[in-house]
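Visitor: I have not seen this structure before. Please take me through it by question and answer.

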Amino acid sequence: MSALAWYLRLSGRAASGSDRAFDKGDAAVAATRAAMEHAGIRVTPQDGSGLTTDTTALVVSTAIEGDSPEIKRAKELGVPVLHRSELLALLSEEKKTIAVAGTSGKSTVTGMIWQILDAASPQSESAPSLITGANLPSLTEKGLPGNAFAGGGDWLVIEADESDGSLVRYRPEIAVLLNIEKDHQEIDALMPLFATFRERSKKAAVNARDARCVSLRQKGDTEFDPNEAMMSAGGFIVEDVSFGDWDSTFRWRGVSFRVPVPGRHNVENALAALAVATIVGVKPEDAARGLAAFKGVERRYVRVGEANGITVVDDFAHNPAKVRAALETGARLARKSGGRLLALFHPHGFAPMKLVGRDIMEEAAHALGPKDSLYVPPIYYAGGTADQSISSKDLVAHLNAQSGVAGRVAEQPAGIAPESKDAALAAVTAAARPGDVILSMGARDPALGDFAKRLLAALETR
């Protein structure tokens, strides 16, 4: 939602809006509110008072209930009510759009593609535009909004979300099919959405190792293949792949590449971006400069810092595949220093945990070593109506029952359910010792970035 507001403002249009967290005076979003107001985005209470007969449309996210005061007020005034994705679809029709879809990796691949196109079009009048779900440090470090950019060029890169069914609204020039896995919906519900998305797209870059994506492939589509034996992107082999603690390197089309973010999964993300670069016609040298300038995505395996020999990492992981990738990357780093992985998973809502919570715990069981631990604080509740018949204790019980961790010889069980976030922070920092890696994972809760910083501060002062 904030990306849409920023994009409208940056492209010379008026925008205003509201947020529950703003109304609560949530300190975690105070800086966001101040930046938006400074840029001329008017912030109003979420009570309908911000709507007038001059309002073009009320744009809402899936999180807003149908009986909210603003929707009621819009109906009284005859103001059209649009879903977030409807506005995004309208904006995407203004340019040649690249829409990145998939259960995992959307924000990172969106950022990588934008960075590559930006490197290939250095002049402001030809710069690509961006609307995405997470901040790019390469933009925020310049004092710009991190999740939106309005360039003068023909291309717009967007993150296309499947979680609420809105994927079917887009008609991009290029679709990117990363992966299709159970997350917000079951597979049977997801496949028709992705199929329609592909049918409405002119071209596609398709993951050749994801059977569900391959089933949607059409003649002429470009593939990227993360096969361990022989990776490729856009029909060109990837050679000399090397994984570092905080980056990876490889060669593609005779050019050396460095990806400044760690983990095998981020090399796979780079392959998807390079497949798109092939379709667009970006020179490999420009693509290499673009990826080298990519500074990651906010809260995607970010090294927060190190204190007393203990490394703290923050990550957005919130579905089974993302959690496993983050745990495996963190465990690999811990093993190099002879330490343990002490991970925290902050569940991001009751409905998601009922759908995939146990799947996440099963993936964690595969990724955790015999001395590693996973702390699971209480499920995050953002307000509204929710079936609260599942708890973190239920998730931890499922983790500890898995064959991979049941009965293991260790200082403590694989899964632990602290009574609060503060209790989790205290327990993890007390247990940590030199060589360990603390990995904090989770989505939705705007305080999680600060939580990771609090972890580091607690280690520095213990």
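**Strands, cores and a cavity**

Visitor: In strand 20, which residue is the bridge partner of Y375?
Guide: The model is a predicted one. Strand 19 (residues 373–375) and strand 20 pair in the parallel sense, over two bridges. Y375 has its bridge partner in strand 20, and that partner is I416.

Visitor: Which strands are the edge strands of the six-strand sheet?
Guide: The six strands form an open sheet with mixed pairing, in the order 16-17-21-18-19-20. An edge strand here pairs on one side only. The two are strand 16 (302–307) and strand 20 (415–416).

Visitor: In the sheet of eleven strands, which strands stand at the edges?
Guide: This sheet is open and mixed in its pairing, and its order is 7-6-8-5-9-10-11-12-13-14-15. Each edge strand has a single partner strand, so one side of each is left without a neighbour in the sheet. They are strand 7 (148–149) and strand 15 (255–259).

Visitor: What is the bridge partner of D225 in strand 12?
Guide: Strand 11 (residues 222–225) and strand 12 (residues 232–233) run antiparallel and are joined by two bridges. The partner of D225 in strand 12 is S232.

Visitor: At about what angle does helix 5 run to strand 8?
Guide: Helix 5 covers residues 84–92 and lies across strand 5 (96–101), strand 6 (129–131) and strand 8 (155–159). Its angle to strand 8 is about 160 degrees.

Visitor: Which element gives the most residues to the largest nonpolar core?
Guide: The core has 43 residues, of which I98, I113, F250, F257 and L274 touch the most other members. Elements giving two or more residues to this core include strand 5, helix 6 (106–120), strand 14 (248–252) and helix 10 (264–280). The one that gives the most, with nine residues, is helix 10.

Visitor: How many residues are in the other core?
Guide: Nonpolar side chains tend to be buried together in soluble globular proteins. The other core lies apart from the largest one, and its members include Y7, I41, L88 and A175. Its count is 39 residues.

Visitor: Which residues does L274 touch, leaving out those up to four places away in sequence?
Guide: L274 is one of the residues that touch the most other members of the largest nonpolar core. With residues up to four places away left out, L274 touches I116, A233, F250, W252, F257, A287 and L291.

Visitor: Which helices each supply at least two residues of the lining of the largest cavity?
Guide: A search of the whole structure finds one cavity of 30 Å³ or more, and the volume of the largest cavity is about 30 Å³. Its lining is made up of I113, I116, L117, A273, V276, A277 and V282. The helices that each supply at least two of the lining residues are helix 6 and helix 10.

Visitor: Is T44 buried or exposed?
Guide: T44 sits in the loop between strand 2 (42–43) and strand 3 (58–60). Beyond its neighbours within four places in sequence, T44 is in contact with G17, S18, D23, G50 and E70. Its relative accessible area is 9%, and buried means under 20%, so T44 is buried.

Visitor: What is the separation between the C-alpha atoms of E186 and A426?
Guide: E186 is in the loop between strand 9 and helix 8 (187–199), and with 41% relative accessibility E186 counts as partly exposed. E186 and A426 are 240 residues apart along the chain. Their C-alpha atoms are separated by 36 Å.

How values were computed: Residues are numbered from 1 along each chain as its sequence is written. This is a predicted model: local features need pLDDT of at least 70, side-chain atom pairs count only at pLDDT 80 or more; totals for chains, interfaces and linings use all residues. Side-chain values use heavy atoms; hydrogens and water are left out. Helices (H or I, at least four residues) and strands (E, at least two) are DSSP runs, numbered from the N terminus. Buried means under 20% relative accessible area, exposed over 50%, partly exposed in between (1.4 Å probe, protein chains only). Contact means heavy atoms within 4.5 Å. Two strands pair if DSSP finds at least two bridges between them. Axes are lines fitted to C-alpha atoms, for helices over the stretch in contact, and angles run from 0 to 180 degrees between N-to-C directions. A nonpolar core is a set of buried Ala, Val, Leu, Ile, Met, Phe, Trp, Tyr and Cys residues joined through side-chain atoms within 4.5 Å. On a 1 Å grid over the protein atoms alone, a cavity is a set of points where a 1.4 Å probe fits but cannot get out, and a pocket is an open set with protein on both sides within 12 Å along at least five of seven lines; lining residues have an atom within 4 Å of a point. Grid points are joined across faces, edges and corners, and a volume is the space filled by probe spheres set on the points.
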